[in-house]
Amino acid sequence: MNMDEASEEVAVQLAAQGVIGKRVDEMESGFIMALDYMIELAEKDQDDKRKSLLEVIKETVLSHLTKKCPPHVQVVGLLCRTPQKESRHELLHRVAAGGGAFKSENGTKVHIPGANLNDIANQADDLLETMETRPVVPDRKLLARLVLIREEARNMMGGGIMDERNHRGLSTLPLPELSLQVNFLTKLVALKPGKTVHEMIKNVMQGKDEGADNTDSDEENSTGARVSSGFAGWESVTGKKPLPVRPGMFLETVSKVLGGIYAGNDSGITAQHLEWVHQKTLQVLQEIAF
């Protein structure tokens, strides 16, 4: 058929909607993973047409799957597929106002449900907590996206990141993990804001230095049993190494310390420095996420 690119994409979407709509319940769990692999191959081959077609199929599958979920879960899924910060903010505004039609970045119209910003932030927080409490983070890109969604939804709430509804994460964080976040934050605050601090944040958010996954084997004691040597002077009660600095835990710590400073009406240089660290961390996560 003689069609221009825009018409061809619409035709593919219509075909995909029809086929996927009928078979979405039979879909195997590895299908999205296979699509991601095929998209990656098309990118390496510099085959833009094949890549574009596969991305249309993937978006259609995800759209069908999210429609079966509660509204706030659907919104988290949509936000994970929205690379531009401004577009995510617009989407969140629409959601908070009751939902409606939203034009995605590829020009297609998506119907978004109305949802509570607090529910969206908590859903993202629950998902990233599941990822961050593993010894090895399975997907750094997805983790970065979830942290951005949590922080942006919280920031849009009445009291911003200081809103009392946001004070949920650190209450469940074990002392060794909390101390590691605080130690890293103390190290950053001791240095002048600039390129060095930016690089330190970037490395840790990418899973290096203080943010490196616990992949090394623990030492064995004389009985042959595994024992943890701990991390930065700490030993876990469970015998496992405390988790390293993780993006979600770290930003939770920054917000908590900032809240303490503002509550004491002592918003001087340290508060400005912490706000700079918070903003730089979000910038780094945006680069990692998309």
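1. The model is a predicted one, in which local features need pLDDT of at least 70 and side-chain atom pairs count only at pLDDT 80 or more, while totals for chains, interfaces and linings use all residues. Residues are numbered from 1 along each chain as its sequence is written, and side-chain values use heavy atoms, with hydrogens and water left out.

2. The largest nonpolar core has 47 residues, and those with the most contacts inside it are Ile120, Leu188, Met205, Phe250 and Leu285. A core here is a set of buried Ala, Val, Leu, Ile, Met, Phe, Trp, Tyr and Cys residues joined through side-chain atoms within 4.5 Å; buried means under 20% relative accessible area, exposed over 50%, and partly exposed in between, with a 1.4 Å probe and protein chains only. The elements that give two or more residues to this core include helix 4 (71–80), helix 7 (140–156) and helix 10 (247–263), and its largest share, eight residues, comes from helix 11. Helices are DSSP runs (H or I, at least four residues), numbered from the N terminus.

3. Leu188 deserves a look of its own: leaving aside neighbours within four places in sequence, Leu188 is in contact (heavy atoms within 4.5 Å) with Val197, Met200, Ile201, Phe250, His273 and Val277. A second, separate core of eight residues includes Ile20, Ile39, Val61 and Leu62.

4. The count of salt bridges comes to 15, a salt bridge being a side-chain nitrogen of Lys or Arg within 4 Å of a carboxyl oxygen of Asp or Glu. Glu90 and Arg94 form one of them, with the closest N and O atoms 2.8 Å apart, and both residues lie in helix 5, four residues apart, or about one turn of the helix. Glu90 is partly exposed at a relative accessible area of 38%, and Arg94 is likewise partly exposed, at 31%.

5. Helix 2 (residues 31–44) has 14 residues and reaches 20 Å from its first C-alpha to its last, close to the 20 Å expected at 1.5 Å a residue, where the expected span is 1.5 Å times one less than the number of residues. Its buried residues are Ile32, Leu35, Ile39 and Ala42. They cover an arc of only 80° around the axis, and therefore lie on the same side of helix 2, the arc being that of the directions from the helix axis to the C-beta atoms. On the other side of helix 2, Met33, Tyr37 and Lys44 are exposed.

6. Leu54, in helix 3 (residues 48–66), is buried, with a relative accessible area of 10%. Leaving aside neighbours within four places in sequence, Leu54 is in contact with Leu35, Met38, Ile39 and Ala42. Leu54 and Leu35 are 19 residues apart in sequence and 6.9 Å apart in space, C-alpha to C-alpha.
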